Amino acid sequence: MAGKTLYDKLWDAHLVKQRDDGSALIYIDRHIVHEVTSPQAFEGLRLAGRKPWRVDSILATPDHNVPTTSAERASGVAGIEDAVSRIQVQTLDDNCDEFGVTEFKINDSRQGIVHVVGPETGACLPGMTVVCGDSHTATNGALGALAHGIGTSEVEHVMATQCLVAKKMQNMLIRVDGKLGVGVTPKDVVLAIIAKIGTAGGTGFAMEFGGEVFRAMSMEGRLTVCNMAIEAGARAGMVAVDGITFDYVKGRTYAPKGEQWDLAVAQWKDYVSDADAVFDEIVEIDGSAIEPQVSWGTSPEMVLPVDACVPNPKDESDAVKRNDIERALAYMGLKAGQAIKDIAIDRVFIGSCTNSRIEDMRAAASIVEGRQKAASVIDAIVVPGSGEVKAQAEAEGLDKIFIAAGFEWREPGCSMCLAMNADKLGNGEHCASTSNRNFEGRQGYGGRTHLVSPEMAAAAGVAGHFVDVRTFIDGSAV
Amino acid sequence: MKSFTQLTGVAAPMDRANVDTDMIIPKQFLKSIKRSGFGKNLFDELRYLDEGLPDQSCEGRPLNKDFPLNQSRYQGASVLLSRENFGCGSSREHAPWALDDYGFRCVIAPSYAEIFFNNCFKNGILPIVLNEQVVEQLFAQMYAVEGYQLFVDLETQKVTTPAGESFAFEVDDFRKHCLLNGLDDIDLTLQDVDAINAYEIERKQLSPWMFDVIK
């Protein structure tokens, strides 16, 4: 019999019941909740007179609507100027209080973006099933967990039953071997993967990231990669556990301690794909050939190396794709064939569940240190992913480096990744953004998003247009 | 949940690939704590020429006359025809809520993003997969004939054109059963309460730390 993949093992360990019709009940270990996709679920429980099955498996924190300026954050929920946002955050507080759910409230030092808070507190652990009403839940798969986003009806279902009705996915392995070059980051790796397989390439698959590049990658880098599995169409991304996983998890608030830790590690060691495991599809990429990436269009698959030129629709023979390119160029205000380095930027956003962890903060700070934001750039905001990230960055003096360079240092939240709070792009503005989606209007009405790594975003903020960050690192930039 | 059995409805086009859920319902409308009222903001940035705000009346907002849903021939549409990877991106269930609230009960496309696809079934909407050639054919017929209607029958799993041509589609047995009968998933799962309890007992012995309390 063939061996099992990591996903097979996670699935088998959580199978409560296989039904005759092909669907299955899967047990959920951890349920993360935020204010946007939960109010209707809590309301559903209330209307049906139900209580959460295991209320102590749920962790909530507001992130999408919270303001990121210290002035607006000072008086907590009551200080949120946008009344509709305020009601949504208040509703999360009220629901968590009513149902007894643990919540890191707006100005709790542990508050932050759900996908940053889950791993850093140890609430999400290897071998777990993790769900959240948010498609970027795949982030947690970096720990060797089965993690994916769900809809609000499913949020209610998991609260009421601790289970999810699911159907087993197929197995895909993305193997990236070789060694990443200087200035090439986990973000560039995942953007290069999406460019290769497309935004629907992973549909129907659980996507495991394997190969030398991921074995050498830090846990935070793995979190960045798994975060964007959904942008390649895969609901769940994951990385096999190893020593890097254990080193990351050990000592975190909700991680097991003492004898329990030893018992856990003994079990977690099995959360790797067997050598003879069979994948339904394998994609191989040469890691040493990956260059810093920049998205030029309105879908995360519209991405190219920084030295490239945006496509010319005339070169595309497929009518639907040609139409997509034309529409994207028009929306983005770009000329066919224009060099990516000639795209001037108006704003910089460093943050989001993709790139707001301490290593991202350090990486961006290392680029701006001793440099200045270009005068043509309206603003460059740096939004740490959580209160813990913020405190750590400040302890290292990173906030001062950003501020000295003319960047703004903000309070934690989702911020301009999706602009549900006050942080938005203006109509027609180009943004060098470390977030995950460049959809039309995502960062603000008429806003133009370019997805890049923290290093590339920082460098673009200094230059006023996209530049190859490697020229900053090797000192060849003027 | 409301059931879905049969539908005869006007088809409207969303003629592009990779329609994302941000496009279906932009983020500012996700601030609502309700499940209803999203229809007037369905495809807001394409449908109107100005920026839409939450809690704003849409009456009197400037309409984009080029957008199909603003054209008289597609009024009252309940079947949405689109291209590959429909519903990609954010997991927001507000997307099917908006489609439903507007009046769409069925989407036809060559492929879907999974979370959106799944969310449809929780809301009485039938997402149908037909191959690209068939979808292309339906687009052509729809553009050629004003008031073009499709007949969708979930029981027999067929889409029928006005000319009487039928196309079969696949649907999971479980989802079909729930949709035909308007069944609530939670009630069904709670019939397996013994299996869930048994799983928990076994798991607690094997991996006790998995049940540590979050506080």
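How many residue pairs are in polar contact between chain A and chain B, both at pLDDT 80 or more? The count is 37, a polar contact being a pair of N or O atoms within 3.5 Å, one able to donate a hydrogen and the other to accept it, with residues adjacent in sequence counted only if both atoms are side-chain atoms.

This is a predicted model, in which local features need pLDDT of at least 70, side-chain atom pairs count only at pLDDT 80 or more, and totals for chains, interfaces and linings use all residues. Residues are numbered from 1 along each chain as its sequence is written, chains are lettered from A in the order in which they are written, and side-chain values use heavy atoms, without hydrogens and water.

**View 1. Contact between chain A and chain B.** Chain A brings 84 residues and chain B 65 residues to the contact (heavy atoms within 4.5 Å). The buried area is about 6,200 Å², with 55% from carbon and sulfur atoms (accessible area, 1.4 Å probe, lost on being put together, summed over both parts). A:Gln40, A:Trp53 and A:Tyr445 supply 12% of the area that chain A buries against chain B, more than any other three residues.

**View 2. Salt bridge between B:Asp192 and A:Lys17.** The N to O distance is 2.7 Å. Between the two chains the count is 10 salt bridges (side-chain nitrogen of Lys or Arg within 4 Å of a carboxyl oxygen of Asp or Glu).

Note on methods: Buried area is the accessible area (1.4 Å probe) that two parts lose on being put together, summed over both.
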